[in-house]
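Have a look at the picture, then read on.

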Amino acid sequence: MRVRVAPGPLARHAARVTSARRRQLGRVGVGLGTAGALAWLARTRAAVVRAVLIRVAEVLEDVVRLFQIAVLRLFRRTTEPLLIPFVGHGSPRRVELGARAVLGRPDARARTLPVPDAAGVLAPARAPGQAPARRSRRSVLRTSLSRFLTVEVADATVTARTPGAVVTVRSDRDGYVDAVLADPGLSPGWHEVELSLAGGATVHTPVLVVSPDVRLGLVSDVDDTILETGLTRGLEFLRITLLTEVTDRAPLPGAAALYRALVCRSGEAGLPVFYLSTSPWNLHEVLQEFIALRGFPFGPLLLTDWGPGRGNLFRIGAREHKLGLIGRILAEHPEMELLLVGDTGQLDPEIYATAAREHPGRIRAIYVRRTGVLAPDRATEVEALADETTAAGVPMLIVDDSAEIAEHAASLGLLDFAQVDEVRRETHSDGAARLPWPVDVVRSRHRERTRR
């Protein structure tokens, strides 16, 4: 016979406490579940809204494109597509070529990018002392706007040819052409590669093939790192971009001499330099011309697409763009370390510090120029980040000029001490931009080919 014993006061109290705790935990669980569901709905809603906005923007862009074509035909301007080539790069295993198929750029029809020498420097195309003809601000504005008012040609067939490979690709909806050639049959160094538009003209573009033996490469920001663009100051950026002739745009003092010293070290072949920027591809020709004119070592310009598409409403963010490209360069050249140069105007300190953490042993040093007057809080953040990155094993310096970079790089063996004096002289000259040669490299070649 089983006898039931009534629970005592302590047991009843414990049961009540346990029950209360269970109810409390249940409420917490329901609350967390509700919060999670709401967060998921918010993310989903934001993603849907973003996708809709991008699609609407793409439709509007297509409408504007049709209007532009109608205007070209109305004024009897050419509607024959042409290719604007970009500087290619890669290794003996594979190379990447880029271009853009557009309408409405007759001035670019005969353009062929020059091929640098073995050290990555372009030779003068005009006798010293022969200055380019001055143009009115109206003419400069018209030329600048024409780079942005092009009509992109989607689905254009483009064929790229190298000695070892031929590949045919089609342009995307924004006219961009991305061609990858495996086993191109190109030795390390600079080469000229042919790009042909079906039913259109053929252009040639330089391609940098990096040797597997190269152990160091230079990655540099462009805006406010090698030249002042005012990218972080909206109206100033527009004035410089649209109303300033490329021949009037001066480099930051000593930057060209510093890059030549880093890239062309004695006893070594020219090391590769990659220019990263969040500027639009529309400015590729301008920046390429500036680099050539001011005596910087030549290299691929890796820019961004401004406009809706590829998952973005306006453009890819600076962090995603630059970190992605640094990762791709390191993956393409597994034996190569990188020297990173940027400025404090955007997020270069954070981006480069992240690259050093994500790619241990692959970043040799980081140099960040101070841009303008930093707010005290921002200055403290950048200095703390530099100290943290340096303590982790990657020297990161916040500098004021090119001479500081040269002196520190020489202490690391990244350039010869004899080259530091040249960088100092160009950095601390009388304030005027000192040019290796007073020539307009690309435009003069364009005129020469056009006359022929």
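At what angle do helix α4 and helix α10 pack, and how far apart are their axes?

## A pair of helices

Helix α4 (residues 255-263) packs on helix α10 (residues 417-427) at about 165 degrees, and the axes are 8 Å apart. An axis here is a line fitted to C-alpha atoms, for helices over the stretch in contact, with angles from 0 to 180 degrees between N-to-C directions. On the α4 side, the contact (heavy atoms within 4.5 Å) is made by Ala255, Ala256, Ala257, Leu258, Arg260 and Ala261. From α10 come Gln419, Glu422, Val423 and Glu426.

## Where the model comes from

This is a predicted model, where local features need pLDDT of at least 70 and side-chain atom pairs count only at pLDDT 80 or more, while totals for chains, interfaces and linings use all residues. Residues are numbered from 1 along each chain as its sequence is written, and side-chain values use heavy atoms, leaving out hydrogens and water.

## The sheet

Now for the strands: six of them form an open sheet with parallel pairing, in the order β12-β11-β10-β13-β14-β15. At the edges sit β12 (301-304) and β15 (396-399), each pairing on one side only. On average, neighbouring strands in this sheet are turned by 15 degrees against each other, direction ignored. Helices (H or I, at least four residues) and strands (E, at least two) are DSSP runs, numbered from the N terminus, and two strands pair if DSSP finds at least two bridges between them.

Over by β12, strand β11 (residues 273-280) runs parallel to it and is joined by 3 bridges. Leu276 stands opposite Leu302 there.

## Strand β13 and its neighbours

Strand β13 (residues 337-343) has 6 of its 7 residues buried (under 20% relative accessible area with a 1.4 Å probe, protein chains only; over 50% is exposed, and in between is partly exposed). Strand β10 (residues 216-221) pairs with β13 in the parallel sense over 5 bridges, with Gly217 opposite Leu338. Strand β14 (residues 363-369) is also parallel to β13, joined by 6 bridges, and Leu339 has Ala365 as its bridge partner.
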